[in-house]
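Welcome, and thank you for opening the viewer. Let us walk through this structure one selection at a time.

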Amino acid sequence: MSACKRLLYFVRQRSLWTHVRRNVTTWSPVGAAFNAKPHRRLNLIEKNVGLFGVPELSCPAGFQAATETALKNTERLVGKACSCSPGVETVESFDQLSDGLCRVADLADFVKVAHPDPAFREAAEKTCIEIGTVVEKLNTNVKLCKSLKILLDNPDIVAQLDPNTRKVAELFMFDFEISGIHLDDKLRKEAVALHVKLLDLNNEFLVGSHLPNRIARSAIPEHLHLHFADEGSFIQVGGLHADSPNDLVREIAYRIYLYPNADLMDCLEELLKCRYKLAKLVGYDSYGHRALKGTMAKTPETVMSFLQLLTDKLSDRTAKDFKMMRNMKKKLNPRNSELMPWDHPYLSGVLRAERYNIEPSLYSPYLSLGACMEGLNNLFSQLYGVSLMSEHPSAGEVWSEDVRKLAVVHETEGLLGYIYCDFYHRQDKPQQDCHFTIRGGRWCQETGQYQLPVVVLMLSLPHPTKSAPTLLTPGMMENLFHEMGHAMHSMLGRTRYQHVTGTRCATDFAEVPSILMEYFATDYRVLSQFARHYETGQPLPESMVARLCESKKVCGAADIQLQIFYAVLDQIYHGKPQNRSTTEILKEMQQKFYGLPYTPNTAWQLRFSHLIGYGAKYYSYLMSRAVASMVWKQCFVQDPLNRDMGERYRQEMLAHGGAKEPMLMVEGMLQRQPTMEDFVDALVSELSPNFETFIMDSES
């Protein structure tokens, strides 16, 4: 095809897509912005404003300049915090100090993993290390700590503080205490040394937990080589291949990928010993007790009680799920019907597909990215009076041409903040959906204005094609809603202090707003407002939505039980020393809390990377889901678009960030005090079938 013909073909295809869309489906501005193809910026005259509008960051060297500026301000603010009279001004100085460092460190933390230019990534990495070193020193600065202690030890001054200021002062003091500030010089140096050692061990384990394993090609049947990466005379296994329909591929992947690495095993054992030693040094019974201070659960004992109670309540359902999987394996492979750990993810998917026709390609045409963004815009408008408005970023403001910028605008309060949407797959980009805080919101006493929050949402969606916009699977759509829940937590909070802004709250509460959004994403009354075929404009049938919701309940108890096992393992690892290996602990807990047999010569714990970011807190996802379920059923299931309930949710749960005790926020929303039994019952009730779905299916 000639260049001229190719151009003509492209124009026809584009005009056809545009014509169909215009005549059948009319998108709002935000929907149209995300369904349009990104255009290359050709304005060579426009000034480079720097990443996120930070002028210094127009080039990699700017990170050093931004760091130097932040460190100069740090010196000034340390002096101010140490010299001012004890009171609100002390806490404000601490928060300004924290804000100045976080604004550079948080931005660098994002750039070092997401920027396509290695020079930017390297410069950001250096900044993270430099700022991290300064923070460690500040956390052991006796004079700085003393200025806060004078405030908190004076009951008359404390009585004059508002609850938020007092909470933030206590959180800053907690940061000092866990660094060993209250210890004598010798012990304090020991605590600092443990902190430094843990930084290295954490990084070593995190990197090692994602590295592939390899095995000689001759050890694997030749006809299976094509399923794995080739490395000369070796086969490389970089994952569990959990969705492979081939039993032997799944088994080989499981055994090889989870084969123990002696160095990484030593790293994990040493990491857990150092965490325990540090926790004991600063006055806690275990690392778990230290990590859970300030959470909804508060203690490891409460967490274990929650997990045991949930296990007991699920036992009959879990047994039935495993029986279904065994029967399915026997049907698929009569000669090898024993149910093994590598079978669970695949067979549960087979059972869902057999019972409900939920092939993702049937749903995707109704879930264009633009449609989903329009749905989010409509939902936020009806619940909170908030609109998402697409803005053109300035030159140099974004790190990739396909990044979109959204202004979040309230109907009466005005501009609330900015969300940068880095949604598309890119080489060397992390394949994990996540939310980054770039700048926290806070009231600026020095300017008399509110510092607007800035966040990034990162997904890995397919690019639009010549003939179609980006089409999402139901899983992608739910992930989008989930991450947007985090973003709106950041936007709708209006905390006085950035130290507790948005998602800077207890880990077992932070996932509640994001998981709650998953309920909206699968409610037909919400979906019907935006889910329509990108070519015909036809709405997504209600029966398809019902089937999707019911399919999640298939093997749901076994899926929860697997998460319980992981959470229990995390708790035991971070409790008192067991005087046995992490593998021996895993073997016992797998038998007690999961049921499928342990596979000899495997060490799943060496792939448990959540031990780093969620040490002693892996249970948080289950507890957050329980709270989200209760909020949904009590407050939104009758009318998911109710403005009064949306306002109540904002005021009770989103507005405070981490400035209020998490359980008090839950109690304020539910207007009662929930118990652990309530949380467990909420999770178990999710698995009950909806018989209307069966009626709907039979009618259709």
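Start by selecting Phe322, Phe565, Tyr566, Tyr594, Trp604, Phe608 and Tyr618, which ring pairs link into a cluster. Rings of Phe, Tyr and Trp (its six-membered ring) pair here if their centres lie within 6.5 Å; planes under 30 degrees apart count as stacked, over 60 as edge-to-face and the rest as tilted.

Before moving on, a word on what you are viewing. This is a predicted model, in which local features need pLDDT of at least 70 and side-chain atom pairs count only at pLDDT 80 or more, while totals for chains, interfaces and linings use all residues. Residues are numbered from 1 along each chain as its sequence is written, and side-chain values use heavy atoms, with hydrogens and water left out.

Helices (H or I, at least four residues) are DSSP runs, numbered from the N terminus. Trp632 and Phe636 are both buried; buried means under 20% relative accessible area, exposed over 50%, and partly exposed in between (1.4 Å probe, protein chains only).

Phe636 is in helix H25 and Tyr649 in helix H26, so the pair ties together parts 13 residues apart in sequence. Tyr649 is buried, as is Phe636.

**Charges over rings**

Now look for a charge over a ring, meaning that NZ of Lys or CZ of Arg is within 6 Å of the ring centre and within 35 degrees of the ring normal. Select Arg214 with Phe234: the charged end of Arg214 sits over the ring, 3.8 Å from its centre. Then try Arg607 with Tyr257, where Arg607 lies over the ring face at 3.6 Å from the ring centre.

**Salt bridges**

Side chains of opposite charge can pair when their charged atoms come close. A salt bridge is a side-chain nitrogen of Lys or Arg within 4 Å of a carboxyl oxygen of Asp or Glu, and a search of the whole structure finds 38 of them.

Which parts of the chain does the pair of Asp343 and Arg250 tie together? Select both: their side chains meet in a salt bridge, at 2.8 Å from N to O. Asp343 lies in the loop between H13 and helix H14 (344–355) and Arg250 in helix H10 (residues 247–257), so the pair joins parts that are 93 residues apart in sequence. Asp343 is buried at 0% relative accessibility, and Arg250 is buried at 0%.

Go on to Glu374 and Arg532, a salt bridge whose closest N and O atoms are 3.0 Å apart. Glu374 is in helix H16 (residues 369–384) and Arg532 in the loop between helix H20 (524–527) and helix H21 (542–551), 158 residues apart. Both Glu374 and Arg532 are buried.

Glu518 is buried, with a relative accessible area of 14%, and Arg625 is buried at 18%. For a network of salt bridges, select Asp99, Arg103, Arg442 and Glu446.

Select H27, where eight of nine residues are buried; among them are Pro662, Met663 and Leu670. Its buried residues pack against helix H18 (507–510), H25, helix H26 (643–654) and H28, with contact meaning heavy atoms within 4.5 Å. Just after H27, find Gln671, which takes a positive phi of about 60°.

Last, select helix H28 (residues 676–685), whose buried residues are Met676, Phe679, Val680, Ala682, Leu683 and Val684. These buried residues pack against helix H13 (300–332), helix H22 (556–573), helix H25 (620–636) and helix H27 (662–670).

Key: Helices (H or I, at least four residues) and strands (E, at least two) are DSSP runs, numbered from the N terminus.
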